[in-house]
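Here is a friendly walk through one protein model, written for reading with the structure open beside you. Shall we start from the inside and work outwards?

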Amino acid sequence: MRIRYLGHSAFVLEAGGKRVVVDPFLSGNPRCPVKPEELDVDGIVLTHGHADHVGDAVAIAKRTGAIIVAPVELAGYMAGQGAPSVHGMNFGGSRQFDFGHVKMVPAWHSSSLDGPTGPIYLGNPAGFLITMEGVTVYHAGDTSLFGDMELIGRRHRIDVALLPIGDNYTMGPEDAVYAAELIKPRYVIPMHYGTFPVIEQDPNAFARLAEAAGVKCQVLAPGQEWVVPA
Ligand code: NI
Ligand code: MN
């Protein structure tokens, strides 16, 4: 599997000739090197409704016809915004799609979009396990550290865990290292940092903490690609 980081929590996963993008916050992110109209994908996975995760999902879905996979309330909202194909899921549910296998797992956070009179709540936030060509990626979404990460890691062989380290809205670097120790992935990649001043972090400091705890860490710059070692 090839993983391309697009900044913040946005990643393109590519394997077996299929591509899926998770949390495509592109045009609103000054650190993202890719324009939404340059993205060619078969699937779009959304962890929750916040604008820094939904991003350009509807525009990409309309242009490419890619299916949007999301927590069921958010999937319904995306359909209402004009997405041509959506699929709602809920915790513990899994399903085989054209691009790969997806399982929805919990995340401790919130999920809303700004409406004209305040936030519109869009169900619960989630993490997703995405398996393509035998490689499993756990995108934790926005979350705090929680004990059931250990269960997720025991139940599934995780090749790569994508974990937020930005602090303030999610867990910070030290909790993310602890999370990686619970999940026991082959590799951890930090995300959700550096986009805004309030989530400024040094990913290399996180990498040193993770390696000291026995977890291999791959830091990716926005735009950088990495092939998951066999
Ligand atoms: Ni969020
Ligand atoms: Mn966020």
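The largest nonpolar core has 55 residues, and those touching the most other members are Met1, Ile3, Leu13, Ile130, Tyr138, Val160 and Leu163. A nonpolar core here is a set of buried Ala, Val, Leu, Ile, Met, Phe, Trp, Tyr and Cys residues joined through side-chain atoms within 4.5 Å. Buried means under 20% relative accessible area, exposed means over 50%, and partly exposed is in between (1.4 Å probe, protein chains only). Helix 5 gives the most to this core, with 6 residues. A second, separate core of 25 residues includes Val21, Val34, Val58 and Leu113.

Before going further, a word on the model: it is predicted, local features need pLDDT of at least 70, side-chain atom pairs count only at pLDDT 80 or more, and totals for chains, interfaces and linings use all residues. Residues are numbered from 1 along each chain as its sequence is written, chains are lettered from A and ligands numbered from 1 in the order in which they are written, and side-chain values use heavy atoms, with hydrogens and water left out.

**Around the core**

Leaving aside neighbours within four places in sequence, isoleucine 3 is in contact (heavy atoms within 4.5 Å) with Phe11, Val12, Leu13, Val137, Val160, Ile189, Leu220, Gln224, Glu225, Trp226 and Val228.

Next comes helix 5, spanning residues 173-183. Helices (H or I, at least four residues) and strands (E, at least two) are DSSP runs, numbered from the N terminus. The buried residues of helix 5 are Pro173, Ala176, Val177, Ala179, Ala180, Leu182 and Ile183. They pack against strand 12, helix 4, strand 13, strand 14 (187-191) and helix 6 (203-212). Alanine 180 has a relative accessible area of 1%, so this residue is buried. Beyond neighbours within four places in sequence, alanine 180 is in contact with Leu163, Pro185, Val188 and Val215. Its C-alpha atom is separated by 8.6 Å from that of methionine 149, 31 residues apart along the chain.

**The metal site**

Which residues coordinate the manganese ion (ligand 2)? They are Asp52 (OD), His53 (NE2), Asp142 (OD) and His192 (NE2), at 2.1 to 2.3 Å. Donors are N, O and S atoms within 2.8 Å of the metal (3.2 Å for Na, K and Ca), and sites may look incomplete because water is not among the atoms. Along the chain, the donors of the manganese ion follow the spacing D-H-x88-D-x49-H. The nickel ion (ligand 1) is 3.1 Å from the manganese ion, and aspartate 142 coordinates both. Aspartate 52 lies in helix 1 (residues 51-54) and aspartate 142 in the loop between strand 12 (135-139) and helix 4 (149-155), so this pair ties together parts that are 90 residues apart in sequence.

Apart from neighbours within four places in sequence, serine 9 is in contact with Val22, Asp23, His53, His139, Asp142, Met191 and His192.

**Positive phi values**

Most residues other than glycine have a negative phi.

| Residue | Phi | Location |
|---|---|---|
| Aspartate 23 | about 50° | loop between strand 3 (18-22) and strand 4 (43-45) |
| Lysine 184 | about 55° | just after helix 5 |

Is aspartate 23 buried or exposed? With 0% relative accessibility, aspartate 23 counts as buried, whereas asparagine 168, at 52%, counts as exposed.

**Towards the surface**

Tyr169, Phe196 and Val198 form a nonpolar patch on the surface, with about 280 Å² of accessible area together. Patches are made of residues with over 30% relative accessible area and no salt bridge; like charges are joined within 9 Å, nonpolar side chains (Val, Leu, Ile, Met, Phe, Trp, Tyr) within 5 Å. A salt bridge is a side-chain nitrogen of Lys or Arg within 4 Å of a carboxyl oxygen of Asp or Glu, and accessible areas come from the Shrake-Rupley method with a 1.4 Å probe, where for residues only the protein chains shown count as cover. Tyrosine 169 is partly exposed, at 48% relative accessible area.
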